[in-house]
Amino acid sequence: MLEFSNVSKEYHVGNQTIKALDDVNFKINKHQFTVILGPSGSGKSTLLNILGGMDRPTKGNIKFKTQFVNEFSDHDLTIYRRKVVGFVFQFYNLIPKLTALENVAIAAQLNNNEDAASSYLETVGLRARINNFPNQMSGGEMQRVSIARALAKKPQLLLCDEPTGALDSVTSMKIVNILQEISNNSDTAVVMVTHNPQFEQYGNQIIKLKDGKVVSVRHQDPVLVGESE
Ligand SMILES: Nc1ncnc2c1ncn2[C@@H]1O[C@H](COP(=O)(O)OP(=O)(O)O)[C@@H](O)[C@H]1O
Ligand SMILES: [Mg+2]
C-alpha cells in the first residue's frame, strides 16, 4: 500500500545538520500492524510525520498505491492528510469544550450524523461515555476517543505516535488490543511508534530505528491481546 524508498530527512539548526532519517526503506500493507521501535531521538516522529504528509523528506520516494507522495503539491498533500490518514497522538489533542461524541463528529464532519459518530465510539468501547467531556474521562478513555475520531475519517492509514506514552500498562494493553482489531478487521493499516520494547511482540511487522537508520525489519505472528487483558 505504501513504500518508503531511500528516504532521508535533514534539519538545519544554525550551522549544524541533523540527519533525523538516513536512507530509510520499508513497506506498509493492509491488514498489518506495524510497530516502529526506537529510543528517543531515533527519528520515529519524523518518520511518522512524513508518512502522514505532515512533513516532506529531504530525499527519497514515498509511494502510496500508484502515487508519489513526495511529488504532491501542497494542496494534494493536504487532501492526502485529510482523506487517507488518521492520526493518534500521545496527548490525545481533544477539544476540551466538546463532548466525546462532538469531538468525533466534528473531525469527520459528521455533524448531522450523530449515529455514525457514536458507532465509532462504540467500536472503541465508549458507548456509555459519549456525552462526557474530556476532563470527565481517564487518559485511556480520552485516547479511545481520539482513536474513534481518527477512525471516523475511514483512513487507509492509522498513524499513532506513542499512543500509550501517557498510560499505565493495563490501559496501554486496551489501546494495543483496539489497534490490533482495527488492523485485523478493517482495511486500515495501523502504524504505532513507541520507545517501549514491551510492545514489539504485538506487531506483524517490527521496524527498529536507531540514529535515523532502520536497523532491522522483521515479520512475525503477533501475540494477540485478549479483550479481558
Ligand atoms: N523540527 C526540527 N528541527 C530540528 N531538529 C529536529 C526537528 N525535529 C526533530 N529533530 C531532531 O531529529 C532527531 C529525530 O527526532 P524525532 O523524530 O522527534 O525522534 P523520536 O520521535 O524518535 O524521539 C532528533 O535528533 C531531533 O532533535
Ligand atoms: Mg517522537
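The lining of the largest cavity divides into five nonpolar, one polar and two charged residues, where Ala, Val, Leu, Ile, Met, Phe, Trp, Tyr, Cys and Pro count as nonpolar, Asp, Glu, Lys and Arg as charged, and the others, Gly among them, as polar. The residues in question are Ile50, Asp55, Arg56, Pro57, Ile62, Val69, Asn70 and Leu77. The model is a predicted one, in which local features need pLDDT of at least 70 and side-chain atom pairs count only at pLDDT 80 or more, whereas totals for chains, interfaces and linings use all residues. Residues are numbered from 1 along each chain as its sequence is written, chains are lettered from A and ligands numbered from 1 in the order in which they are written, and side-chain values use heavy atoms, with hydrogens and water left out.

**Cavity and pocket**

- About 40 Å³ of space lies in the largest cavity, and the count comes to one cavity of 30 Å³ or more; on a 1 Å grid over the protein atoms alone, a cavity is a set of points where a 1.4 Å probe fits but cannot get out, a pocket is an open set with protein on both sides within 12 Å along at least five of seven lines, and lining residues have an atom within 4 Å of a point.
- The largest pocket has a volume of about 440 Å³, a volume being the space filled by probe spheres set on grid points that are joined across faces, edges and corners.
- Of the 16 residues that line the largest pocket, Arg81, Arg82, Val85, Ala107 and Lys153 lie nearest its centre, and by class the lining has nine nonpolar, two polar and five charged residues.
- At least two lining residues of the largest pocket come from each of helix H2 (74-83), strand S6 (85-88), helix H3 (100-107) and helix H5 (139-151), helices (H or I, at least four residues) and strands (E, at least two) being DSSP runs numbered from the N terminus.

**Overall chain**

- The chain has six helices and ten strands, and its C-alpha atoms fill a box of roughly 50 × 40 × 35 Å along the principal axes.
- The radius of gyration of the chain is 17 Å, which agrees with the value near 17 Å for a compact globule of 229 residues; the radius is taken over C-alpha atoms, and the globule rule is 2.2 Å times the number of residues to the power 0.38.
- Buried residues make up 49% of the 229 residues, where buried means under 20% relative accessible area, exposed over 50% and partly exposed in between (1.4 Å probe, protein chains only).
- Among contacts (heavy atoms within 4.5 Å) between residues at least 6 apart in sequence, 68% join residues at least 24 apart.

**Individual residues**

- Asparagine 61, in strand S4 (residues 59-64), counts as partly exposed because its relative accessibility is 31%.
- The C-alpha atoms of asparagine 61 and serine 5 are separated by 5.1 Å, although the two residues are 56 residues apart along the chain; beyond neighbours within four places in sequence, asparagine 61 is in contact with Glu3, Phe4, Ser5, Val7, Phe68 and Asn70.
- Serine 146, found in helix H5, counts as buried at 0% relative accessibility, and, not counting residues up to four places away in sequence, touches Val88, Tyr92 and Leu94.

**Positive phi angles**

- Most residues other than glycine have a negative phi.
- Lysine 154, which is not a glycine, has a positive phi of about 45 degrees; this residue lies in the loop between H5 and strand S7 (157-161) and is exposed, with a relative accessible area of 62%.
- Aspartate 211 has a positive phi near 50 degrees, lies in the loop between strand S9 (205-210) and strand S10 (213-219), and counts as exposed at 59% relative accessibility.
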